[in-house]
Amino acid sequence: MGLPESALISTSGYGHTVPLSDGGKAFCIIYSVIGIPFTLLFLTAVVQRVTVHVTRRPVLYFHIRWGFSKQVVAIVHAVLLGFITVSCFFFIPAAVFSVLEDDWNFLESFYFCFISLSTIGLGDYVPGEGYNQKFRELYKIGITCYLLLGLIAMLVVLETFCELHELKKFRKMFYVKKDKDEDQVHIMEHDQLSFSSITEQAAGLKEDQKQNEPFVASQSPPYEDGSVNH
């Protein structure tokens, strides 16, 4: 997969390679409509599995093994994971791009990393466009892998911060609160109606059974052993 294709389905959307013909534009639309949902499903599945091994298990390990507070461990872990991600996918790649790209400084390289991994994709900086670029095809493939891995890392960090207890409480402030009293009243009324209907049905069944039962006389039978002898 080349850099233009990865820019499309990863929604980073930068680059100078664009379709010019009507057929190419139609193919680009169809390819994006099919590719973007599958890419999002792929990223979601990968992020869920990576989060289990990178975030949840380490936090539970330090909480159970060392007895630290789970909230404190989660906060420290999220900060460390964010720092490692920023270092590995922003600062270090920015330094590499500033060396490989002749007309880029460190700020411009960092700007490219941020714009790409945040899926803004302005397209004003595109790596590997120089004619004297060595190993250009391999360089493009490496950038494609960097984009995919960077997106996964960013989503894992966001998922880790979203699981923090403090952020969950903050998000609940924006939720629409339901009126629990009204819900309970409706449930009680429904239960009462259902209970009364069941009792009425049970009473009706008992009356039907009594009517269908054969009549049994309470008197003793007319012929007993003594009367027969007489």
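I take buried to mean under 20% relative accessible area, exposed over 50%, and partly exposed in between (1.4 Å probe, protein chains only). The model I examined is predicted, with local features needing pLDDT of at least 70, side-chain atom pairs counted only at pLDDT 80 or more, and totals for chains, interfaces and linings using all residues. Residues are numbered from 1 along each chain as its sequence is written, and side-chain values use heavy atoms, with hydrogens and water left out.

**Entry: phenylalanine 90.** I looked up phenylalanine 90 and found it in helix 3 (residues 70-100); helices are DSSP runs (H or I, at least four residues), numbered from the N terminus. Phenylalanine 90 is buried because its relative accessible area is 6%. Its C-alpha atom is separated by 7.0 Å from that of phenylalanine 114, a residue 24 positions away along the chain.

**Entry: annotated spans.** I consulted the UniProt record, an unreviewed entry, which lists residues 29-51, 72-97, 109-126 and 138-158 under "transmembrane region". Its positions follow the numbering used here, feature names are shortened, and annotations may be inferred rather than shown by experiment. I checked residues 29-51 and found 100% helix and 0% strand, with the end C-alpha atoms 32 Å apart. Residues 72-97 are likewise 100% helix and 0% strand, and their end C-alpha atoms lie 36 Å apart.

**Entry: salt bridge.** I searched for salt bridges (a side-chain nitrogen of Lys or Arg within 4 Å of a carboxyl oxygen of Asp or Glu). The structure holds one. Arginine 56 pairs with glutamate 163, and the closest N and O atoms are 2.7 Å apart. The pair links distant parts of the chain, 107 residues apart: arginine 56 lies in helix 2 (residues 22-65), and glutamate 163 lies in the loop between helix 5 (136-162) and helix 6. Arginine 56 counts as partly exposed because its relative accessibility is 38%. Glutamate 163 is also partly exposed, at 24%.

**Entry: surface patches.** I noted that patches are made of residues with over 30% relative accessible area and no salt bridge, joining like charges within 9 Å and nonpolar side chains (Val, Leu, Ile, Met, Phe, Trp, Tyr) within 5 Å. Val86, Phe91, Ile92, Val96, Val99, Leu100 and Phe106 make a nonpolar surface patch of about 610 Å². Helix 3 gives the most to this patch, with six residues. Leucine 100, in helix 3, is partly exposed at 39% relative accessibility.

I then located a surface patch of positive charge, where Lys70, Lys168, Lys169, Arg171 and Lys172 gather. Helix 6 (residues 165-172) gives the most to the positive patch, with four residues.

Key. Helix = DSSP H or I, 4+ residues; strand = E, 2+ residues; numbered from the N terminus. Areas by Shrake-Rupley, 256 points an atom, 1.4 Å probe, with all protein chains shown as cover. Lys, Arg positive; Asp, Glu negative; His and termini not counted. Charge placed at Lys NZ, Arg CZ, Asp CG, Glu CD.
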